[in-house]
Structure formats: C-alpha cells, structure tokens
Amino acid sequence: MSLERIPVILLLAISLAAALCGGMIKNYFCIKISGGSSDRQAYNGVTSLSAAVILLLWGGVSSVSPFTATLGIAFGVVTALQQISCLKAMERGSWAYTSVIVSLSTLIPALSGMIFWNERITWTQIAGLVLMAGCLVMSADDRAGQKKLSYQWLLYCFIAFICTGLVGVMQKWHQHSEAKSELNAFLIVAFFVSFIYSAAS
C-alpha cells in the first residue's frame, strides 16, 4: 500500500505512536545499557542500518538523482547528529524535559515554510507551540530523585533541537523538488550515511 492511500489522521497516529515508542526505547537504553560514546554510536548504527534495510526491502531504489544523493548525504549526517545528541541529553537530564524541548523544534520547519514556501502559520500551530512551551515551564520543578539539569544537557538539547528542526526542513525541501518521487531512495541514502557516520566514529 502506498503512503498516498493512507488517511492523514492514521499517519499522524502512527507517527505519534512511533515517536513515543522511540523515546521510551532511547530512555531505557540511556538508563540501563549505555556506557559511553561507543554504545551511542552502536545504537545509532544499528537503528540506521535497520531502517535502511527495511526501506530497501519495502520499496527499493528505482533511480537516484544527484540532488537526492547530495541532500540524502546531508540528511544522513544531520540525522546521526540528532540521534546521538538526543541520547547524550537523555543521559544527562530528564527524558520529559528533553522530549519537550526537542518537540519545540517544529517551530523551525513552520518558520521555514512561511519564509521559503509562502505557507501561513495557523492559529492552531501557534496554540500547539504555546501549549508545548507551557508544558515545559509547568513541568520544571526540583522533585527529589530527578537528574540535575546541567549546561552540558542544555547544549545537547539545543543541538538535538536544531537537528530535529533541520530534519523537517530537509524532508520538505526534497518533497517540494522535482525529485520528490525518489523519497525512498532519499531515505535509504540518508540512513546508510547515518550508519557509516557511526561506524567510522
């Protein structure tokens, strides 16, 4: 079944469920498994390679234009940086705080859409961003047993925030280009590059 035939609301529900599961897995990895840089690189390498193989088996690659290949390589590096910085942030701070801050990165594609693709930011989007920001403020307390927030945690949150926002921008850029039919190839290139990035680190 092609993605075009799946209702938008179902795709949204799947995306939300996947994001929640992904966050839970990352949090478990950081608490129970991760012992340092090599473990983080291994995590990113395994997940990236798995995603690339699944996409390759699912849709394959019919053609890859120079634009798709170039943007895919850049997308892969950004994806690897996003994943690793997010893991580093979770190791140093709260999963709840980290996920809310990273979620606020939707502001980046929203603003880029307005600037580069003449899209309008709706009141619903503004309300959503305000609610996420309010969630962060309301959850910021000093409960016992909670990890202390550090400058390192804030730095990695900021890197994850920027990279997550760029992920949305680069996906939109590709899908507004003449190479938009090469989406599967774009993602496969990106995930293989992300795997190579971790394997070479």
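Among contacts in this protein between residues at least 6 apart in sequence, 87% join residues at least 24 apart. The model shown is a predicted one.

The elements come next. The protein contains 8 helices and 0 strands, and its pattern along the sequence reads α-α-α-α-α-α-α-α. Of its 201 residues, 35% are buried. The accessible surface is about 12100 Å², and carbon and sulfur atoms account for 70% of that surface.

Helix 1 covers residues 8-33. Its 26 residues should span 38 Å at 1.5 Å a residue, and the end C-alpha atoms lie 36 Å apart, which agrees. The buried residues of helix 1 are Gly23, Lys26, Asn27, Phe29 and Cys30. The cover over these buried residues includes helix 2 (37-58), helix 3 (66-92) and helix 4 (95-103).

With 18 residues at 1.5 Å each, helix 8 should span 26 Å, and the end C-alpha atoms are 26 Å apart, in agreement. Buried in helix 8 are Ala185, Phe186, Leu187, Ile188, Ala190, Val193, Ser194 and Ser198. These buried residues pack against helix 2, helix 3 and helix 7.

In soluble globular proteins, nonpolar side chains tend to be buried together. Here the largest nonpolar core consists of 11 residues: Leu55, Leu71, Phe75, Val78, Cys163, Val167, Met170, Phe186, Leu187, Ile188 and Ala190. Helix 8 supplies the largest share, 4 residues. A second, separate core has 8 residues, including Phe29, Tyr43, Leu87 and Met90.

Ala190, leaving aside neighbours within four places in sequence, is in contact with Gly72, Phe75 and Gly76. Cys163 has a relative accessibility of 7% and counts as buried, because the limit for that class is under 20%.

A disulfide would need the two sulfur atoms within 2.5 Å. A search of the whole structure finds 0 disulfides. Cys157 itself is buried, with a relative accessible area of 1%.

Charged side chains make a separate group. There are 2 salt bridges in the count. In one of them, the side chains of Glu91 and Arg40 meet, with 2.6 Å from N to O. Glu91 lies in helix 3 and Arg40 in helix 2, so this pair ties together parts that are 51 residues apart in sequence. Arg92 also forms a salt bridge with Glu91, and there the closest N and O atoms are 3.8 Å apart. Arg40, Glu91 and Arg92 are thus linked in a network of salt bridges, because each bridge is a nitrogen of Lys or Arg within 4 Å of a carboxyl oxygen of Asp or Glu.

The last stop is a loop. Ser65 lies in the loop between helix 2 and helix 3. Is Ser65 buried or exposed? Ser65 is buried, with a relative accessible area of 19%, a value that falls under the 20% limit for buried residues. Not counting residues up to four places away in sequence, Ser65 touches Ala179 and Glu182.

Technical notes: Residues numbered from 1 in each chain as written. Predicted model: local features only at pLDDT ≥ 70, side-chain atom pairs only at ≥ 80, totals over all residues. Heavy atoms only, no water. Buried < 20%, exposed > 50% of the residue type's maximum accessible area, 1.4 Å probe, protein only. Helix = DSSP H or I, 4+ residues; strand = E, 2+ residues; numbered from the N terminus. Expected span 1.5 Å × (residues − 1). Contact = heavy atoms within 4.5 Å. Core = buried A, V, L, I, M, F, W, Y, C linked by side-chain atoms within 4.5 Å. Areas by Shrake-Rupley, 256 points an atom, 1.4 Å probe, with all protein chains shown as cover.
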